[in-house]
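Hi,

Here is the structure for you to look through. My notes follow below it.

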Amino acid sequence: MNDGNQVERHLVDAKTMAKILDVPKSWIYQRTRPGAERIPVVRLGKYVRFKPADVILYYEGKVGSA
């Protein structure tokens, strides 16, 4: 069964998240470090992964509240 929410449940790497947001991969990594404006991240040991829907909702909330 292929429902429309299947993609939202998958985790993506920094390269894919950068493509989704149309920003450099370095910008994504910078936003995962302490002290930065941090985006929602899932840490798997030394790896970082992202739920695209969570990151997009985070920024939509920032834009809507500005």
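A contact means heavy atoms within 4.5 Å. Of the contacts in the protein with a separation of 6 or more, 41% join residues 24 or more positions apart.

Some ground rules. This is a predicted model, where local features need pLDDT of at least 70 and side-chain atom pairs count only at pLDDT 80 or more, while totals for chains, interfaces and linings use all residues. Residues are numbered from 1 along each chain as its sequence is written, and side-chain values use heavy atoms, without hydrogens and water.

The protein has four helices and two strands. Helices (H or I, at least four residues) and strands (E, at least two) are DSSP runs, numbered from the N terminus. From that end, the order is α-α-α-β-β-α.

Now burial. Buried means under 20% relative accessible area, exposed over 50%, partly exposed in between (1.4 Å probe, protein chains only). Of the 66 residues, 18% are buried. Helix α2 spans residues 14-21, and its buried residues are A14, M17 and A18. These sit on the same side of α2, because they cover an arc of only 100° around the axis (the arc of the directions from the helix axis to the C-beta atoms). After α2 comes D22, with a positive phi near 60°.

The protein exposes about 4900 Å² (Shrake-Rupley method, 1.4 Å probe). Carbon and sulfur atoms supply 53% of that area. Y47 lies in strand β2, residues 47-49. Y47 counts as partly exposed because its relative accessibility is 44%.

Best wishes
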